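These are my notebook entries on one protein chain. I wrote down each thing I looked up, in the order I looked.

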Amino acid sequence: MKDLNNLNKKSKAAMVLIFVTVLLLISNYFNGQNSKKTNESIKAIYNDRLMVSHYIFQYNNALHEIKNAPLQANKTNTEKQNLISSHLEIMDHLDKKYLATVLTPEEKQYFNAFQKQSIALQKHNNSNQWHQLTTSVEQSLKTLILLSQVQINEGKTELTTANTLHNGNQIFAQFEIGLFIILASLSAYLLVLKKMKIKIPEAPSMN
């Protein structure tokens with residue numbers, strides 16, 4: 001009867017052991033998924049926000065050069081056109097890089113407006129319409145401010161997501177430590193049951 005009792009205890013302990021092991025595997029899986037998503041969020045912050053902010057900075061520099069070009073009295077209209085065209089080419093090259101990133105619907109809307117403004121700049125430059133060109137530059141600079149704000153907002157969102165996932169990983173880590181403690185306790189319990197089952201042989205009779 002005692003052996004049967006010990007066997008039942010071992011069976012229950014083994015069931016709990018299996019259950020805890022399954023929980024550990026599930027926890028480890030979700031931990032891995034969270035780590036993967038955290039890496040994706042960090043990559044998004046770098047590729048789609050920090051790099052884009054750098055492109056916006058370059059756009060801003062090019063637009064200021066375009067704005068200043070008509071003011072250069074020592075240059076002919078042709079020289080001004082060529083100077084502005086070279087900066088528009090830089091912007092066109094930046095467009096390809098920008099479009100290779102992930103754009104939000106709002107960002108796509110602003111960027112489409114920005115590209116239309118760039119086309120207007122080219123037309124004004126071709127016809128030497130310096131006043132209209134300056135007005136278009138001002139509009140483009142305002143659109144860049146809106147695009148910059150998108151980068152800030154999206155960067156904050158991605159950072160919040162990464163922090164949330166990191167906190168989730170910490171919770172899973174604490175959960176796993178608790179499960180490991182349970183596993184160790186169960187292992188010790190099973191060892192105690194095994195020792196209890198071992199019978200010490202009686203000393204041989206002297207009679």
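How many helices and strands are there in the protein chain? I found 4 helices and 0 strands. Helices (H or I, at least four residues) and strands (E, at least two) are DSSP runs numbered from the N terminus. From that end, the elements run α-α-α-α.

I noted the ground rules next. This is a predicted model, where local features need pLDDT of at least 70 and side-chain atom pairs count only at pLDDT 80 or more, while totals for chains, interfaces and linings use all residues. Residues are numbered from 1 along each chain as its sequence is written, and side-chain values use heavy atoms, with hydrogens and water left out.

**Entry: the whole chain**

I looked up burial, where buried means under 20% relative accessible area, exposed over 50% and partly exposed in between (1.4 Å probe, protein chains only). Of the 207 residues, 31% count as buried. I then checked contacts (heavy atoms within 4.5 Å). Among those between residues at least 6 apart in sequence, 81% join residues at least 24 apart.

**Entry: helix H2**

I took helix H2, residues 77–99, and found that its 23 residues reach 32 Å from the first C-alpha to the last. That is close to the 33 Å expected at 1.5 Å a residue; the expected span is 1.5 Å times one less than the number of residues. The buried residues of H2 include Ile84, Leu88, Met91, Leu94, Asp95 and Tyr98. An α-helix has 3.6 residues a turn, so residues three or four places apart point the same way.

**Entry: aromatic rings**

I counted 4 aromatic pairs in the structure. Rings of Phe, Tyr and Trp (its six-membered ring) pair if their centres lie within 6.5 Å; planes under 30 degrees apart count as stacked, over 60 as edge-to-face and the rest as tilted. Tyr59 and Phe114 are edge-to-face, 4.8 Å centre to centre with 70 degrees between the planes. This pair links distant parts of the chain, with Tyr59 in helix H1 (residues 2–68) and Phe114 in helix H3 (residues 105–126), 55 residues apart. Tyr59 counts as buried because its relative accessibility is 0%. Phe114 is buried too, with a relative accessible area of 0%.

Tyr98 and Phe111 are stacked, at 4.3 Å centre to centre and 20 degrees between the planes. Tyr98 is in H2 and Phe111 in H3, 13 residues apart. Ring pairs link Tyr59, Tyr98, Phe111 and Phe114 into a cluster.

**Entry: the core**

Which residues touch the most other members of the largest nonpolar core? I found Tyr59, Leu63, Met91, Tyr98 and Leu144, in a core of 23 residues. A nonpolar core is a set of buried Ala, Val, Leu, Ile, Met, Phe, Trp, Tyr and Cys residues joined through side-chain atoms within 4.5 Å. H1, H2, H3 and helix H4 (130–197) each give two or more residues to this core. H1 supplies the largest share, 7 residues.

**Entry: two single residues**

Thr143 lies in helix H4. Why does Thr143 count as buried? Thr143 counts as buried because its relative accessibility is 7%. Not counting residues up to four places away in sequence, Thr143 touches Tyr110, Phe114 and Gln117.

Asn128 lies in the loop between H3 and H4. Asn128 has a positive phi of about 60 degrees although it is not a glycine. Most residues other than glycine have a negative phi. With a relative accessible area of 30%, Asn128 is partly exposed.
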